[in-house]
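Please read the following report alongside the sequence and the model.

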Amino acid sequence: MIEWRERHISEKHLVLLLSFFVGAFSAAAAGLLKSFIHIIQQLVEGHLIAGGHTWWYLITPVIGITLAALFVKYIVRDDISHGITKILYAISQRKSIIKPHNMWSSVVGSGLTIGFGGSVGAEAPIVLTGAAIGSNLAKAFRLNQKTMMLMIGCGAAGAIGGIFKAPIAGLVFTLEVLMMDLTMTSVAPLLISSVTATAISYLLTGVDPMFPIVAAEPFLVKRIPWYLILGAICGLVSLYFTRGMNHLEQWMKHSIQSMWGKLLVGGAMLSMLIFLFPPLYGEGYDVIRQLINGDCTTAIVNSPLSQFLSFHPQLVLVGYFVAIILLKIVASVATNGAGGVGGIFAPSLFMGAIVGFVTARLMSMMGLSVSEANFALVGMAGLMSGVMHAPLTGIFLIAELTGGYHLFMPLMIVSVISYLTIMLFEPHSLYAMRLAQKGELLTHNKDRNVLTLLKMDSVLETDFITIFPEMTLGQLVKVISTSNRNVFPVVDNDGHLRGILLLDEVRNIMFQPRLYKRFTVEQLMTSPAAVLSSNMPMEKVMETFEDTGAWNLPVVDEERKYLGFVSKSKIFNSYRHVLVHFSEE
C-alpha cells in the first residue's frame, strides 16, 4: 500500500487528501462527543432533575468525575488531561507523535465528566482528539515529522471548526495557540481541514451559530472608551484566571496524592460551589445565551442566595456574578484535579460573558449608556484572548459563534487591549506555561526554538578522566599523561562532584618530583564557576555560560553526582546542526 502510494501519489497531493480526511474525522469525533454529552444530560436533567429531585445537581458531577477517573486509571492507564499542552509538547519536541488512544479516550473521559455536570469544557479534549487523528494518520502513511506536525495542526483546526462551526477560528487557533508557522505549504491543508469539519458540522446540526444573538445593539463610536476599559478589565481577569488556575492545579497535584483523596476533596468542593452557585454546573453555555440576550436574572433563581435580592437587587446580582467569576476557576480545578477530563475553553467563555455583563451593569449604575448584551459578547473574546494569548482567535471565534460580525470593531478593541494587558504581567498562556516552566516550549522566536530543541544529552561530553581528592600530585601527573583534556573533575568515592582541577593550575609544579608527595588533589582543586544540572534547559545553560565567562562547566544529576562536562564549542556545533535542520523545515 505504501509503495503504491509513493509511486502514484505525490506527497503534496497526499497531504491535501489527508487534510480532508483529518477534518472529516475530527468533525465526526466532535459530533460524537456532543451527542454523548447530550445523551447523559438528557438522562440526568430530563429524568432525575426534571422530576423535582434537584439535589441530584449536587451528586451527578461527582458521579461523572468518578467514572472518568476510573476510566482513565484502569482502562486508558495514561494521563489525558491538559490536552492542548500535550499537543504543544509534541510539537515543541519535534516528535509530533500523539498516542493512538487519544483518538478516543478524551471523547469518553470528557463526555462522562461534562455530561454529568463537571465544570469544564469539551473543546480542549476534542482538539487533542483531532490532533491525535492527524498525527496517527500521518504516521500510518510514514510521513516525515514536518508533515506529521502539519497534520496535527489540521486535526486541531478541524476540531475547532467542527465543534464551534468556526472555520476561520480553527485556522487562526492553530497559528496562534499551537504556534505553527504560516506558509503557503501549510495554509491550504489547514483551511481544507477546518472548512471540511465545519461543513460536516453544518450537515449534522444545522447552520445556526452556537450562541445566536437577539438583543445585541449596533456598535457606537462614542462607546469606544468603555470598550477600552472592558479590555483592560478582561486582561486583569485573564491574569487571575491564568495564575490562579496554575497555582490551584499545583496545590491539588502536590497536596493530595491518592486518587480517592482527590475525588473526595474535589467532589466536595464542586458540590458545595454548585449548591450556592448553580451556574457553575456544567459548561455554563446556557448562562452565556441568557446574558448575551438580555436575561440576567434566571442564573440566580435556583440559588439559595436569591433570597437576598429583596435587600438590594442590583448590588446582590452584581455581587453574585462577581463571586462566580472568582470561583469558576476553583470549580474547574476541582473537576479536573479530582479526575475529570475537560478544558478551559468553556470556562474562559463563561467567565468572559459574566465579566462583560458585570462591567456593563456597573457602568449603567453609574449613569453610562452601554449595552449589557454587547459587553457580554465581547467580554468572551476579551477573556479568551487574554487567557490563550490569542487575540485573533478571540475575535474570529466569538464573531463566528454568535454571528455578531457587525461588532467586529469592539471585538478587536477588547481582544487587543486584553492581550496587551496580560502581556505586561505574564508572557505565556496557561497552555504554554506548563511547558515554559520546564524549558520545553517552542515559540515564534527561531533562535530560542533551536536552543529549546537542544537537549543536555546531545551536548554532554563524558571523556574527562575523574580524579579523587586524596590522590597525590605524583598520581595526578600519571593521569595527566594519559589524558587529552586540560580539565579534571574531582569526585568522592560515591561519585559526587567535589570540584575541578585545571591543568594550568599545576603546570608549574608538575615537573618537580620532590613535590609529588607533598601536595594532594584536594589542596590543588578549585570550585567550578558554576555547576549545571542534567535537566536544565539549554537557554538557561547559555545564560550561565554568559554570566560566568566559562568555556567548560560540569554537569551533575539531582543527587549532585558527576555526569560529564558541557563546553561552549560543543553547544555551538550542535546549535549550527539543529539550525540548518530547523531552517530546512
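The sections below describe selected local features of this structure.

## Basis of the description

This is a predicted model, in which local features need pLDDT of at least 70 and side-chain atom pairs count only at pLDDT 80 or more, while totals for chains, interfaces and linings use all residues. Residues are numbered from 1 along each chain as its sequence is written, and side-chain values use heavy atoms, with hydrogens and water left out.

## Packing of α14 and α15

Helix α14 (residues 313–337) and helix α15 (residues 345–365) have axes that come within 10 Å and cross at roughly 160°. Helices (H or I, at least four residues) and strands (E, at least two) are DSSP runs, numbered from the N terminus, and axes are lines fitted to C-alpha atoms, for helices over the stretch in contact, with angles running from 0 to 180 degrees between N-to-C directions. The crossing angle therefore makes α14 roughly antiparallel to α15; angles under 35 degrees count as roughly parallel, over 145 as roughly antiparallel, 65 to 115 as roughly perpendicular and the rest as oblique. The crossing of α14 with α15 is left-handed, a term that applies if the near helix is turned anticlockwise from the far one by less than a right angle, whereas clockwise is right-handed.

Residues of α14 that meet α15 include Leu-317, Phe-321, Ile-325 and Lys-328, and among their counterparts in α15 are Phe-350, Ile-354, Val-358 and Arg-361, where contact means heavy atoms within 4.5 Å. By class, the contact of α14 with α15 has 17 nonpolar, two polar and two charged residues; Ala, Val, Leu, Ile, Met, Phe, Trp, Tyr, Cys and Pro count as nonpolar, Asp, Glu, Lys and Arg as charged, and the others, Gly among them, as polar.

## Packing of α3 and α5

The axes of α3 and helix α5 (residues 105–115) lie 7 Å apart and pack at an angle of about 160°, which means that α3 is roughly antiparallel to α5. From α3, Gly-64, Leu-67, Ala-68, Phe-71 and Val-76 meet Ser-105, Val-108, Gly-109, Leu-112 and Thr-113 of α5. This contact of α3 with α5 comprises six nonpolar, four polar and no charged residues.

## Positive phi in two loops

Arg-77, although not a glycine, has a positive phi of about 55° and is placed in the loop between α3 (56–76) and α4 (83–92). Its relative accessibility of 67% makes Arg-77 exposed; the term means over 50% relative accessible area, buried means under 20%, and partly exposed lies in between (1.4 Å probe, protein chains only).

Lys-165, in the loop between α7 (145–164) and α8 (167–176), also has a positive phi, near 55°, in a residue other than glycine. With a relative accessible area of 11%, Lys-165 is buried.

## Buried residues and their contacts

Thr-242 belongs to helix α10 (residues 224–255) and counts as buried at 0% relative accessibility. Not counting residues up to four places away in sequence, Thr-242 touches Val-387, Ile-422, Glu-426, His-428, Leu-430 and Met-433.

Val-491, in strand β1 (residues 487–491), is buried at 5% relative accessibility. Pro-469 is 22 residues from Val-491 in sequence and 7.1 Å from it in space, C-alpha to C-alpha. With residues up to four places away in sequence left out, the contacts of Val-491 include Phe-468, Pro-469, Arg-498 and Tyr-562.

## Cysteines

The structure holds zero disulfides, where a disulfide is a pair of cysteine sulfur atoms within 2.5 Å. Cys-154 counts as buried at 0% relative accessibility, and Cys-234 is buried at 0% as well.
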